[in-house]
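Subject: Structure handover and notes

Hi there,

My notes on what turned up in it follow below.

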Amino acid sequence: MRQVLCPVLVGREQEIQVLLDGLDRVAGGHGGVVFLAGEAGVGKSRLLRELSRRAGEHGRTVLTGRAVAGGVPVAFRPLAEAVLGGLRGSGEPDLPEVRPFQAALGRLVPQWRTPEPVAESPLVLGEGLVRLLHGLGARGAGGARGARGAGGAGGPRDARGCVLCLEDLHWADQESLTVLEYLADNVAGEGILVVGTLRADEDSPGRALVRTLVDRRAARLVEVTRLDGDATLRLARACLGATTLPAPVEAFLTDSADGLPFLIEELLAGLVGAGALVEQDGHWSMTGPLGGRVPPTFADAVARRMDTVDGRTRAVLHAAAVLGRRFDWKLLPAVTDEDQRLVSAALRQAVSAQLLTARPDGFQFRHALTRDAVLAGLAAPERARIAARALTVVEQLDPALAADLAELAGDRGRAAELLLTVGRRATEAGALATAETTLRRARELASDELRIAVPVDDALIDVLALSGQVDRAVDLGGRLLGRLDLAERLPAGGAELHLRLARAALTAGRWRTAAGHIDAGRPRPGLADVLDAQVALGEGRLEQAARLAATALDEAEHAGLPAVACEALEVAGRVARQRDLDAAEKAFTTGLAVATAHGLELWRLRALHELGTVDQLRTESVDRLRQARDLAIDVGALALVATLDLQIAAGLLKQFRPREGEAAARDSVVASRRLRLATLPMALVLEATAYAQTGRSEQMADCLAEALTLAPDDLDVQGSAWGHCRATASLLAGDRTRALAEMATGAHYLQQSPATVAPPFLGLRVLLLAVAGDDDTACREAARLRASSAIRHRIVASLLGYAEAVLHGRTAPAGALFHRADAEMGPLVAWYQQYARMLTAEAALTDGWGTPVPWLREAAAYFAARANQQIAAACRALLRRAGAPVPRPGPADPVVPAQLRALGVTRRESDVLALVAEGLTNQELAARLHLSPRTVEKHVAGLLSKTGCRRRTQLAGYFARLSG
């Protein structure tokens with residue numbers, strides 16, 4: 001018997017046009033999200049099939065997944081089905097931009113799972129999915145294999161794009177919805193069209209999310225309504241390939257199908273299957289009554305269809321309905337106790353009766369409503385009997401389905417045990433929302449059966465702690481631990497639970513709570529001390545933290561616990577960093593070695609990050625921060641990548657390398673937006689600072705406005721916005737008075753902050769106050785800074801040294817103080833060094849000490865090369881005041897790249913840099929340029945100082961990046 005399905009789309013011209021418009025935009029690299037909402041059977045899936053067909057015809061990649069009904073949510077189910085189906089058809093892609101995310105994508109693609117811990121945020125998975133869809137779309141079009149820029153955003157616009165179809169989102173799990181929300185916010189600039197379907201008449205988390213996305217214009221909603229009478233008849237005729245149908249049949253369909261395409265098809269299938277409507281010579285005619293009035297419910301229609309099959313087929317259909325809409329037909333012989341040959345015959349009969357449809361990988365009920373109707377036709381005892389038999393078959397294969405079956409069979413305890421297994425697996429996969437929902441359901445089923453309830457509560461505490469719900473974790477843990485009779489039911493008598501609660505409290509900064517659980521947990525050697533050290537460090541008890549860390553390190557070394565040793569060394573280094581950078585570096589370096597030797601990648605990453613932070617305090621070098629960033633990408637620690645980009649941007653901007661700093665800041669902004677990180681406001685401030693350094697005042701104002709709107713009460717953001725960003729713009733404009741006022745505002749905010757942020761303007765403000773003659777305020781502020789941790793920051797300490805020289809020079813020569821401060825400043829922060837020389841020269845001219853003219857000449861040349869014209873003009877004015885010859889401002893040297901000119905690199909130094917990049921030795925270079933080797937050596941030293949490179953090999957890499 002033919003399938004009674006409509007081969008064409010009828011009555012959906014407006015709806016399909018919306019989808020096709022989205023499909024057209026995909027080709028231009030513009031994505032979007034569209035939701036099709038309507039009641040069951042209204043034709044949402046038919047629209048998706050038509051979209052998929054047309055997308056395939058145009059070379060788009062199409063992935064399709066579906067959420068399913070059931071009491072136990074399966075995390076990421078529709079997304080996993082879509083991705084696995086796409087990879088099954090095209091093979092695993094080799095996409096460089098996806099590799100850092102493969103561990104996270106392992107939740108969707110089993111063969112990509114790794115034994116190492118992965119970032120748990122569904123947002124990280126969302127970013128990986130964006131990149132995978134982009135790459136699959138490009139590959140499907142036959143173009144570049146998904147190559148994207150280093151920042152990860154955008155891509156080749158000749159790619160055909162990808163369409164992701166997600167059906168039945170009213171049944172979707174919370175993790176899938178979280179990823180879907182991420183996609184809605186991040187596919188606009190990608191060639192990705194996401195189309196989802198859901199029932200509009202059912203309240204669900206999916207429906208709530210759709211409303212939210214539509215309200216904020218992140219998605220478009222298309223209401224799919226019932227067909228009118230004319231469209232109903234056109235669809236019915238198209239189903240049978242007829243130009244007309246008997247009038248009674250048309251009236252029957254118009255009156256009874258209520259404009260639902262699915263019911264139209266089902267009712268026609270019933271008439272054809274019963275022989276009431278037959279085809280002869282291309283014409284359809286009635287051979288019998290239509291049964292008076294049509295049954296008022298769809299369930300009656302399905303029941304009639306069930307009456308047309310034999311008893312064995314009904315039994316097979318009942319078992320299949322218990323297993324789900326899509327079921328593994330190979331399980332049915334065991335569930336029904338029938339021979340496989342007989343089961344196959346029953347399935348064929350069910351297909352002929354149009355209760356099931358055949359799929360390439362098996363069978364499914366024609367519609368979710370069909371399965372529901374078949375289940376409803378079973379008496380409760382019969383459902384329980386079939387479920388109990390099915391449970392024994394699927395228990396080891398699918399714990400989630402087995403839990404549903406156990407509950408349906410009336411075995412609540414067994415259902416709770418199975419849900420505990422599902423919840424633990426979801427926790428391991430990072431699907432914390434699904435884990436929590438599953439474990440709470442398990443707890444309801446377990447009731448007071450302590451054998452099951454206690455481990456469920458223990459697992460739930462772990463989920464609450466990992467998801468940041470510290471209060472709830474501590475409360476539940478306290479109640480569980482308060483039951484003395486439960487200790488023997490907990491792992492290690494409750495010790496492991498105490499340690500989980502201690503970690504949760506440490507994360508939340510609850511030092512006393514953490515300490516209590518550490519004492520009660522009786523952890524293995526070394527762990528108690530290192531956790532106590534974390535508490536002491538958090539509470540500011542530095543000496544005790546150092547002692548505990550040393551003890552923990554000794555115990556860890558004897559017990560062979562490298563992870564504990566790494567944690568102890570990290571605590572020791574953080575304590576030392578407050579006052580001794582050499583000791584801090586030694587601790588972090590040792591931790592790096594331990595982590596590397598034992599393959600502890602996360603601890604290796606943490607050690608590199610700490611070492612990079614030490615470098616910033618010393619020299620503002622970002623080399624090791626960049627190494628840490630590369631490793632963070634490799635291990636998928638994307639939130640840390642955003643933090644590292646923030647620190648790298650800060651270091652580059654202190655070196656007055658605005659273009660590179662802007663790129664790093666923007667990378668942090670993009671990642672912070674996508675991952676919803678707290679680093680976003682400060683990343684925006686740093687991006688604004690890059691604009692300030694390049695004179696783009698409008699862009700600076702826009703970034704600051706957004707940053708201050710996002711974090712109006714953040715003292716560090718406010719302080720840096722005023723004192724670091726706005727004041728920099730004022731200094732470059734030559735307005736010292738306004739800059740001093742802005743620095744004062746910034747300092748006011750930072751003085752109230754508990755953080756250790758110490759931007760350079762804190763020291764520069766003291767120097768400006770001293771040059772302006774406000775000695776009392778300068779001395780007071782200098783003393784306050786020297787008593788704080790700000791003195792650890794090299795630029796701040798050096799600027800205070802210049803200020804000390806200015807103040808001392810009021811009454812006595814201060815050349816020695818100047819030279820000491822100048823030597824401490826370091827080669828990477830030439831802008832601050834030259835600006836401090838100009839300010840100090842101004843005071844030295846007034847008070848008659850030092851050699852200000854050479855300082856001013858070098859500063860004037862530096863700022864002129866950087867196109868800081870206002871400051872260069874101030875240097876020349878001071879030279880005139882000193883009676884010294886004033887160099888005329890000349891045009892910028894077109895031979896020297898602008899980025900090198902901004903660093904003060906001369907034409908000859910630029911020539912030397914190009915030849916160093918070719919690998920020439922100093923002797924070879926001298927012969928090529930007709931210079932002495934000693935002169936070449938000086939040029940190379942100057943280049944190392946101005947570019948911030950440490951070795952000749954780094955100069956070659958610097959030139960390569962500049963040329964690229």
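A word on terms before anything else: helices (H or I, at least four residues) and strands (E, at least two) are DSSP runs, numbered from the N terminus. This is a predicted model, in which local features need pLDDT of at least 70 and side-chain atom pairs count only at pLDDT 80 or more, while totals for chains, interfaces and linings use all residues. Residues are numbered from 1 along each chain as its sequence is written, and side-chain values use heavy atoms, with hydrogens and water left out.

First, the chain as a whole. Its secondary structure comes to 47 helices and 10 strands. Of the 964 residues, 54% count as buried, where buried means under 20% relative accessible area, exposed over 50% and partly exposed in between (1.4 Å probe, protein chains only). Taking contact to mean heavy atoms within 4.5 Å, residues 24 or more positions apart account for 64% of the contacts with a separation of 6 or more.

Helix α28 covers residues 601-618 and reaches 26 Å from its first C-alpha to its last, close to the 26 Å expected at 1.5 Å a residue (the expected span is 1.5 Å times one less than the number of residues). Because 13 of its 18 residues are buried, α28 is largely enclosed by the rest of the structure. After α28 comes Glu620, which has a positive phi, near 70 degrees. In helix α8 (residues 229-240) you will find Thr232, which counts as buried because its relative accessibility is 2%. Apart from neighbours within four places in sequence, Thr232 touches Leu227, Leu253, Thr254, Gly259 and Ile264.

Next, the sheet. It is open, has three strands in the order β8-β10-β9, and its pairing is antiparallel. Strands β8 and β9 stand at the edges with a single partner strand each, so one side of each has no neighbour in the sheet. Two strands pair if DSSP finds at least two bridges between them: β8 (residues 326-327) joins β10 over two bridges, and β9 (residues 356-359) joins β10 over four. Two residues lie between β9 and β10 in their hairpin. Gln364 in β10 has Arg326 opposite and also Thr357, while Phe327 faces Phe363. From β10, Gly362 and Gln364 point one way and Phe363 and Phe365 the other, and all are buried.

Finally, the aromatics. Rings of Phe, Tyr and Trp (its six-membered ring) pair if their centres lie within 6.5 Å; planes under 30 degrees apart count as stacked, over 60 as edge-to-face and the rest as tilted. The structure holds 11 such pairs. One of them is Trp831 with Tyr835, stacked at 5.0 Å centre to centre with 5 degrees between the planes. These two are four residues apart in helix α40 (residues 830-847), so about one helical turn separates them. Elsewhere, the charged end of Arg726 sits over the ring of Trp722, 4.2 Å from its centre; the test is NZ of Lys or CZ of Arg within 6 Å of the ring centre and within 35 degrees of the ring normal.

Best wishes
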